Amino acid sequence: STKGNYKNFNVSEKYKLSNPYVFYPAQFWSHKNHIYLLNGLSELKKNYNLDVSVIFSGGDKGNKDYVEKYAKILNLEKQVIFAGFVDDEEMVSLYSQSIALVMPTYFGPTNLPPLEAFSLGVPVLYSDINGLRDQVGDAALLMDLNSPKSMATHLKNIIEDEKLCKRLKQAGYERLK
């Protein structure tokens, strides 16, 4: 998915969001670690009083019910959107209007979402794991998968630091080259 001939639509309007959102396109397998992202959003609210939503896209591979229940336990159900399968046109809008791609996966190192985010100038938060680290270099903020607070801190910085966002955007473009 790259910028080109696609119909842009207003994501916040379609999904009735009042907060900025992060995007995570991934099938609902447990190793995709959706739970970490929910814990990170909870930490963001608790530590920094920032409300950020998440849009998950992807099919259910057996873990979606658990993720939905966990969102309710954390009192985040109003901030979590399950978009299901989305076409390429919608995918471009979901990326480009998000404040960041947040991808706390345990597996790689050849994941496409960081590259798609780089191509659209979207900041990337990515797992700090061997191999994955190498894929993104200095073009992403790395999350400690043992500490959802690291995700919360990175998101706070993305929201508050325009220079950081510009640096990540430029580094993402450079990484693609």
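## Ile158 in helix H7

Ile158 sits in helix H7; helices (H or I, at least four residues) and strands (E, at least two) are DSSP runs, numbered from the N terminus. This is a predicted model, in which local features need pLDDT of at least 70 and side-chain atom pairs count only at pLDDT 80 or more, while totals for chains, interfaces and linings use all residues. Residues are numbered from 1 along each chain as its sequence is written, and side-chain values use heavy atoms, with hydrogens and water left out.

With a relative accessible area of 5%, Ile158 is buried. Buried means under 20% relative accessible area, exposed means over 50%, and partly exposed lies in between (1.4 Å probe, protein chains only). Leaving aside neighbours within four places in sequence, Ile158 is in contact with Ile99, Ala100, Pro123, Leu125, Leu141, Leu164, Cys165 and Leu168, where contact means heavy atoms within 4.5 Å. One of these partners, Leu125, is 33 residues away along the chain, and its C-alpha atom is separated from that of Ile158 by 9.8 Å.

## H7 against H8

Two packed helices are described by the angle between their axes and the distance between the axes. For H7 and helix H8 (residues 162-176), the axes come within 5 Å and cross at roughly 100 degrees. Here axes are lines fitted to C-alpha atoms, for helices over the stretch in contact, and angles run from 0 to 180 degrees between N-to-C directions. That makes H7 roughly perpendicular to H8; angles under 35 degrees count as roughly parallel, over 145 as roughly antiparallel, 65 to 115 as roughly perpendicular and the rest as oblique.

Asn157, Ile158 and Glu160 of H7 meet Glu162, Leu164, Cys165 and Leu168 of H8. By type, the residues of this contact between H7 and H8 are 4 nonpolar, 1 polar and 2 charged. In this grouping, Ala, Val, Leu, Ile, Met, Phe, Trp, Tyr, Cys and Pro count as nonpolar, Asp, Glu, Lys and Arg as charged, and the others, Gly among them, as polar.

## H7 against H2

Helix H7 (residues 148-160) also meets helix H2 (residues 34-48): their axes come within 7 Å and cross at roughly 60 degrees. H2 and H7 are therefore oblique to each other. On the H2 side, the contact includes Tyr36, Leu37 and Leu41, and on the H7 side Met151, Ala152 and Leu155 are among the residues taking part. The residues of the contact of H2 with H7 divide into 9 nonpolar, 5 polar and 3 charged.

## The nonpolar core

In soluble globular proteins, nonpolar side chains tend to be buried together. The largest nonpolar core here has 57 residues, and Leu38 and Ile55 have the most contacts inside it. Such a core is a set of buried Ala, Val, Leu, Ile, Met, Phe, Trp, Tyr and Cys residues joined through side-chain atoms within 4.5 Å. H2 supplies the largest share of this core, 6 residues.

Beyond its neighbours within four places in sequence, Ile55 has contacts that include Val11, Tyr15, Phe23, Ile81 and Leu94.

Asn33 lies in the loop between strand E1 (21-25) and H2. Although not a glycine, Asn33 has a positive phi of about 65 degrees, and Asn33 is buried, at 8% relative accessible area.

Asn75 is in the loop between helix H3 (64-73) and strand E3 (80-84), and has a positive phi of about 60 degrees although it is not a glycine. Asn75 counts as exposed, at 58% relative accessibility.

Asn63 belongs to the loop between strand E2 (53-57) and H3. Asn63 is buried, with a relative accessible area of 13%, and, leaving aside neighbours within four places in sequence, is in contact with Phe28, Trp29 and Ser30.
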